[in-house]
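Please read this note with the model open beside you, and follow each point in the structure as you go.

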Amino acid sequence: MQRITIDPITRLEGHGKIEIFLNEEGNVANTYFQIPELRGFERFCVGRPVEEMPLLTNRICGVCPEAHHMAAAKAVDAVYHVEVPPTGKKLRELLYSAFYCTDHTTHFYALGGPDFIMGPDAPVAERNILGVIHKVGLEVGGKVIQMRKFGHTVVEIIGGRKIHPCTSIPGGLTKGITEEQRKEIETMGRWAIEFAQFSLKAFNDIVLSNKAYLDLIVGDIYTHKTYYMGMVDENNKVNFYDGKVRVVGPDGKEYVKYEPKDYAEHIAEHVEPWTYLKFPYLKNVGWKGFVDGPDSGVYMATPLSRLNAADGMATPLAQAEYEKFFSALGGKPVHQRLAIHWARLIELLYAAERWVELATDPEITSPDFHAIPTATPTEGVGIVEAPRGTLTHHYWTDERGVVTKVNLVVGTTNNYAPITMSIKKAADSLIKKGNVNEGLLNMVEMAFRAYDPCFGCATHSLPGQMPLEVTILDPDGNPINVLKQYCE
Amino acid sequence: MKTLIIGLGNPILGDDGVGWRVVEEIARKTANQPEVEVDCVSLGGLSLMERLTGYERVILVDSIFTGKKPLGTVSRFSLKDVPDLTAGHSASAHDTSLRNALNVGRSMNISLPRDEDVLIVAIETEIIYDFSETLSTSIEAALPQAVMAVLQLIQP
């Protein structure tokens with residue numbers, strides 16, 4: 001049996017690598033994708049006051065600290081059985097909407113966009129954010145930087161600090177905003193709406209009007225008919241901060257809708273011997289392996305999943321784009337993974353509109369942003385939609401509020417099984433009878449980028465790249481060919 | 001020269017927090033030097049580039065994992081000396097390399113230090129995947145040398 005390994009060689013051995021096993025005919029037998037996992041977080045938390053969790057958890061991940069801060073804040077509210085006053089909730093959601101604009105913008109222009117704007121066949125050296133700027137114009141680069149700056153500024157005004165907010169406490173926030181700050185936030189939000197519309201137009205002009213790109217999106221390589229998860233408000237519209245978790249089946253119909261506190265009744269985790277990370281699945285459907293279809297409990301949680309799982313968007317401009325999206329792609333649900341990029345831009349527009357809605361809410365400057373907890377702490381669950389998928393924090397404490405147990409189901413973990421399936425499908429289509437198409441690395445990377453997975457949340461040690469190395473081995477394990485990317 | 005000293009890394013991820021520990025010590029030693037600004041952040045790529053806006057010279061203190069040097073070895077080099085293995089491509093699933101991000105920023109006419117003025121003091125580490133607020137013994141022992149390496153860079 002041939003064996004192909006895609007390995008980030010400058011990181012730790014045995015982590016974050018892809019192994020592709022070929023059968024005797026030289027076709028793909030199976031693929032194994034290992035994600036590096038940071039270890040010992042639960043042990044690190046046990047024994048600490050639970051109100052520290054919003055500060056600690058925003059250090060888990062270098063990419064979405066704001067998401068962990070929010071999920072932790074909601075879990076801590078639940079632990080203390082305290083209801084956050086409306087102004088407190090709105091301020092948190094306002095911060096979170098601005099964060100979404102920053103995150104989705106960065107992803108589209110710096111990471112996902114290059115595949116489409118430069119084209120999937122463009123040389124690797126051009127298929128990057130600099131290439132995008134040169135092709136679309138310097139003006140766009142300036143807008144991207146401006147969008148990020150505005151997003152960071154709102155996080156700092158409400159969250160007390162850029163990127164790593166620190167103001168959420170049990171029962172609300174430590175501070176509110178002034179009328180002057182509100183005006184500033186509103187002005188930035190209105191600019192964000194225009195920017196989101198501009199981005200959707202660029203996507204439409206460059207990608208959707210190009211048949212080759214459209215074929216790539218609707219093609220079969222990254223298509224899997226799975227369940228889809230996303231949080232919805234009381235009208236079944238997409239919501240990032242609060243609501244119930246809704247799951248729809250491969251047929252698009254509601255399978256279940258549950259309160260965050262009931263997540264463990266619906267989600268279980270499958271263990272494989274070849275990876276430390278677990279594979280969450282729908283408990284009541286069951287684990288049937290890395291397969292799609294209504295009998296397999298595999299689900300996806302991404303921007304596309306949220307659009308599939310909801311009945312629409314809660315803001316008018318985003319709703320119009322939502323309708324256009326499903327109309328162009330043949331109705332609900334959309335199973336093609338590369339459509340995640342388009343869905344992300346629709347969410348960008350929604351986040352910007354929601355930003356302005358909240359910034360112009362009469363209650364937003366109220367001093368009533370915190371309720372003092374009075375009940376004895378016990379346990380609590382907090383769920384938000386992180387940009388990369390549904391994020392669940394579950395804490396248990398003793399009667400003093402000291403943490404005794406922690407369970408997290410993070411965005412990328414939800415998608416571990418679907419990513420594994422996409423890699424298998426890309427490999428299947430590009431490896432025939434032992435011939436490995438040169439596009440393999442890129443197709444695998446495109447799968448990564450669509451899901452935007454967190455690999456151990458590595459903003460950490462130098463050199464910080466994610467090099468890939470594909471080693472093809474003969475049946476006896478001897479390497480016969482090596483493909484490299486980002487390697488010395 | 002307007003200089004910013006940044007401790008990089010995750011303060012709760014074992015030896016990955018060494019950059020913060022070094023820079024916290026630098027902050028104490030340079031408290032009476034207004035021309036020196038210090039900060040500790042967990043950033044990379046575009047976000048780190050944005051933090052460097054407006055400075056002529058930057059010193060980054062971070063953990064490094066080459067696997068080729070003894071633990072605790074302190075190295076000094078500039079960003080210009082670091083091979084940009086990404087070829088201008090996305091360096092991780094989420095971000096781009098600092099060099100690429102600086103190129104993007106400069107093309108936007110953002111005032112940023114030159115690659116040769118982004119100086120790096122790196123401490124060879126290994127335990128960067130386990131949550132802990134303490135450094136391992138060999139890394140703790142390297143702190144004075146790393147602090148000295150930074151101080152030498154800012155001597156007038």
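The numbered points below begin with confidence, then take up chain B, the domains of chain A, a helix and a sheet.

1. The predictor gives the complex an ipTM of 0.81 together with a pTM of 0.89. For chain B the mean pLDDT is 86, with 92% of the residues of that chain reaching 70 or more.

2. One stretch of chain B calls for caution, namely residues 86–93, over which pLDDT stays under 50. The model does have 34 contacts beyond four places in sequence for this stretch, but where pLDDT is low, the predicted coordinates should not be read in detail.

3. Chain B has five helices and five strands, and these follow one another along the sequence in the pattern β-α-β-α-β-β-α-β-α-α. The radius of gyration of chain B is 15 Å, close to the 15 Å that the globule rule gives for 156 residues, and chain B is therefore as compact as a globular protein of that length. Taken along the principal axes, the box filled by the C-alpha atoms of chain B is roughly 45 × 40 × 25 Å.

4. Two further values describe the interior of chain B. Of its 156 residues, 53% count as buried; and among the contacts in chain B with a separation of 6 or more, 77% are between residues 24 or more positions apart.

5. Chain A is divided by the domain assignment into domain 1 (3–36 + 419–485), domain 2 (83–217 + 358–372) and domain 3 (224–335). Where domain 1 and domain 3 of chain A meet, the contact takes eight residues from domain 1 and seven residues from domain 3. Helix α14 (residues 416–430) of chain A supplies four residues, the largest share of the domain 1 side. By class, that side of domain 1 of chain A has four nonpolar, three polar and one charged residues.

6. Which residues of helix α5 (residues 129–136) of chain A are buried? They are I129(A), L130(A), G131(A), V132(A) and I133(A). The buried residues of α5(A) pack against α4 (86–117) and α6 (138–159) of chain A, and also against α3 (98–107) of chain B, and the helix is followed by G137(A), whose phi is positive, near 120°.

7. Strand β7 (residues 244–248) of chain A deserves a careful look, because four of its five residues are buried and the strand is therefore largely enclosed by the rest of the structure. β7(A) pairs in the antiparallel sense with strand β6 (residues 227–232) of chain A over five bridges, and in this pairing Y228(A) stands opposite V248(A). Four bridges join β7(A) to strand β8 (residues 254–258) of chain A, again antiparallel, with R246(A) opposite K257(A). β7(A) and β8(A) form a hairpin with five residues between them, and G252(A) in the turn has a positive phi of about 90°.

8. These strands belong to an open sheet of four strands in chain A, with the order β8-β7-β6-β11 and mixed pairing. β8 and β11 (299–300) of chain A stand at the edges, each with a single partner strand, so one side of each is left without a neighbour in the sheet. The parallel pairing is that of β6(A) with β11(A), which are joined by two bridges; here Y228(A) stands opposite M300(A).

Note on methods:
Residues numbered from 1 in each chain as written. Chains lettered and ligands numbered in written order. Predicted model: local features only at pLDDT ≥ 70, side-chain atom pairs only at ≥ 80, totals over all residues. Buried ≥ 20, exposed ≤ 12 C-beta atoms within 10 Å, placed from the backbone. Contact = placed C-beta atoms within 7 Å. Rg over C-alpha atoms; globule rule 2.2 N^0.38 Å. Domains from an automatic or database assignment. Nonpolar A, V, L, I, M, F, W, Y, C, P; charged D, E, K, R; others polar. pLDDT = per-residue confidence, 0-100. Pairing = 2+ DSSP bridges.
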